[in-house]
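Let's take a friendly walk through this model, with the sequence and coordinates open beside the text.

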Amino acid sequence: MATVREATYDILRKNGLTTIFGNPGSNELPFLDRMPADFRYILGLHEGVVTGMADGYSLVTGEPAFVNLHSAAGTGNAMGAIANAWYSHSPLVISAGQQARPIIGLESMLSNVDATQLPQPLVKLSLEPSIASDVPRAIAQSIHTATAAPRGPVYVSIPWDDWTEDAGEASEFLSSRVVTTAGSLSPGQLADITELIGASVNPVLILGADVDAAGAGALAVELAERQRTPVWVAPSASRCPFPTRHPCFRGVLPASIAGLSSRLAGHDLILVIGAPVFRYHQFQPGRYLPAGAALIQITSDPGEAARAPMGDAVIADVHSALAALVSSLPIAARAMPIARTVPGLAPVDGVLTLEAAFDVVNAVAPDDAIYVREATTTAEAFWDRIEMRHPGSYFFPAAGGLGFGMPATVGAQLASANRKVIGVIGDGSANYGIPALWTAARYRIPATFLILNNGTYGALRAFATQLGVEGVPGMDLGGVDFCALATGYGVRSSVADSAESLRESLTAALAGDVPTLIEIPIRATPTN
Ligand code: TZD
Ligand code: CA
């Protein structure tokens, strides 16, 4: 009979999980013992980086990614990244090594006490098999749970003395199991929604990250064009579900109750697809919907449907729901929305402003570049100035947990042989995931990291002003030499302090086959 280790590798292999993102400890060594040659191990130097890389990889491939962490401490280090994966519906299969069964209860060093509790509530499933022979089945269950709608991270803790035990009787069947999901709109649901849309005078479409995740962006374009609706991206956008220079495109909705509903004033029907209703951020109370507006949400996530404070919801597969709507709705009699004005090029004069830097990036980067953005005050300038045309072009930490940007840039580039990945990372954010540079160098992953250095936690300054708080400590950064850090981790780097030098260094970085960091001093916008 196969061992638990052999059966597990077989299940991972059959499910396409042959890349292991990990940071090992003694509990994990018996799993890694003679790792099969068709597997590759991508080492991250911190578990937040390991999990963030796996997330970036999974976001680009649309497939699950396998993570191997070290016991409780490794899991704890990964929690911020797991929060982001939870909110981006990323199917991360996270395994953690446990102490040997006979001495877990003694709370020996490296015991993961009450392991299944540890990652809750940010995983769909958390398991520790009760007997060694159940490990392969538990791994298979974890994979199928992570990838079933709504997708999300799962956690399985495995005592290290299990790996050499006999796999159970089920192991011969486990690796070939296929689990699939349907979830189309019923004819009645489709009829109700098409009737509401047909009767609406001024509908608006709001798209969430899951439209992009479902590969349904082209269907969303078709729906907007046929219905001639303006299109907004749902607030706190972690992906870009719609081409940003399309005439229907309006931008990202503000993330406050009052702000969002005033932006939607005048619409009688708000159709939300693939997003929660809504991911607010700033607390600005107000009426949840503008007067006279009805809201319908289509989501694959029952939690998102149930917790919304207003509107009706339908739980369905986002791709098939959009396809059904496109094929059942006639072309509306309304005029096409008029394209919004694209801002002109920002003036360039001395130290770059954010706007001027993004103008250069937009001009130099290929049309199908993938952006990972984690520089909090840059949202408006970024969405205004960086044109995104293709599916899977943009990723932002879905829980707002910093430390995603650097590793996700690496994981996304590892997954993209044919597209260039550009991390647009703040000087604050970069430090939460800086060891990702080592992985990029070690495995020659040719990602480009743009470090926007304004010397401050800019978003917090803006929030302080908004909340009316003064004299807050800990806002100033500065004194971090990102090029020296890059050199230390083995990554090529330069400072771009003018439009010309940014153009040159970014062009060279994108043409090269090694990772590059470009530090861009940014003129701080005074906020307080
Ligand atoms: N820690 C973690 C893990 N996540 C967070 N979101 C924060 C702290 C708080 N935080 C924000 O929400 S934005 C921000 C912090 C510290 C400043 C980020 O600075 P930056 O970007 O340099 O990356 P800006 O453009 O200067 O804000
Ligand atoms: Ca900053």
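The largest cavity holds about 60 Å³ of space. Keep in mind as you look that this is a predicted model. A search of the whole structure turns up three cavities of 30 Å³ or more. To find the largest one on your screen, display its lining: Ile-197, Pro-203, Val-204, Leu-205, Leu-223, Ala-224, Gln-227, Thr-229 and Leu-271. By class, the lining of the largest cavity divides into seven nonpolar residues, two polar and no charged.

Now for the open space. The second largest pocket has a volume of about 860 Å³. Its lining comprises 43 residues, and those closest to the centre of the pocket are Gly-62, Thr-147, Arg-151, Ala-213 and Ala-214. Which elements give two or more residues to the lining of this pocket? They are α3, α5 (135–147), α8 (209–213) and α12 (318–328). Of these, α3 gives the most, with four residues. The classes in this lining are 19 nonpolar, 17 polar and seven charged.

The crossing of α3 with α15 is right-handed. On the α3 side, the contact is made by Gly-48, Val-49, Gly-52, Met-53, Gly-56, Tyr-57, Val-60 and Thr-61. Facing them on α15 are Pro-407, Ala-408, Val-410, Gly-411, Ala-412, Leu-414 and Ala-415. This contact between α3 and α15 has 10 nonpolar residues, five polar and no charged.

The next partner of α3 is helix α4 (residues 71–87). Here too the axes come within 7 Å, with a crossing of roughly 30°. The two helices, α3 and α4, are therefore roughly parallel to each other, and their crossing is right-handed. From α3, the contact uses Glu-47, Gly-48, Thr-51, Gly-52 and Asp-55, while α4 supplies Gly-74, Asn-77, Ala-78, Ala-81, Ile-82, Asn-84 and Ala-85. Sorted by class, the contact of α3 with α4 has four nonpolar, six polar and two charged residues. Gly-48 and Gly-52 of α3 take part in the contact with α15 and also in the contact with α4.

Finally, a few backbone details to check in the loops. Where does Pro-150 sit? Its place is in the loop between α5 and β6 (154–159), and the peptide bond from Ala-149 to Pro-150 is cis, with omega near -15°. There is also a cis peptide bond from Val-277 to Phe-278, with omega near -15°. Phe-278 lies in the loop between β10 (269–273) and β11 (294–299). Arg-34 has a positive phi, near 50°, in a residue other than glycine. You will find Arg-34 in the loop between α2 (29–32) and β2 (40–43).

Key
Residues are numbered from 1 along each chain as its sequence is written. Chains are lettered from A and ligands numbered from 1 in the order in which they are written. This is a predicted model: local features need pLDDT of at least 70, side-chain atom pairs count only at pLDDT 80 or more; totals for chains, interfaces and linings use all residues. Side-chain values use heavy atoms; hydrogens and water are left out. A crossing is left-handed if the near helix is turned anticlockwise from the far one by less than a right angle, and right-handed if clockwise. Contact means heavy atoms within 4.5 Å. Ala, Val, Leu, Ile, Met, Phe, Trp, Tyr, Cys and Pro count as nonpolar, Asp, Glu, Lys and Arg as charged, and the others, Gly among them, as polar. On a 1 Å grid over the protein atoms alone, a cavity is a set of points where a 1.4 Å probe fits but cannot get out, and a pocket is an open set with protein on both sides within 12 Å along at least five of seven lines; lining residues have an atom within 4 Å of a point. Grid points are joined across faces, edges and corners, and a volume is the space filled by probe spheres set on the points. Axes are lines fitted to C-alpha atoms, for helices over the stretch in contact, and angles run from 0 to 180 degrees between N-to-C directions. Angles under 35 degrees count as roughly parallel, over 145 as roughly antiparallel, 65 to 115 as roughly perpendicular and the rest as oblique.
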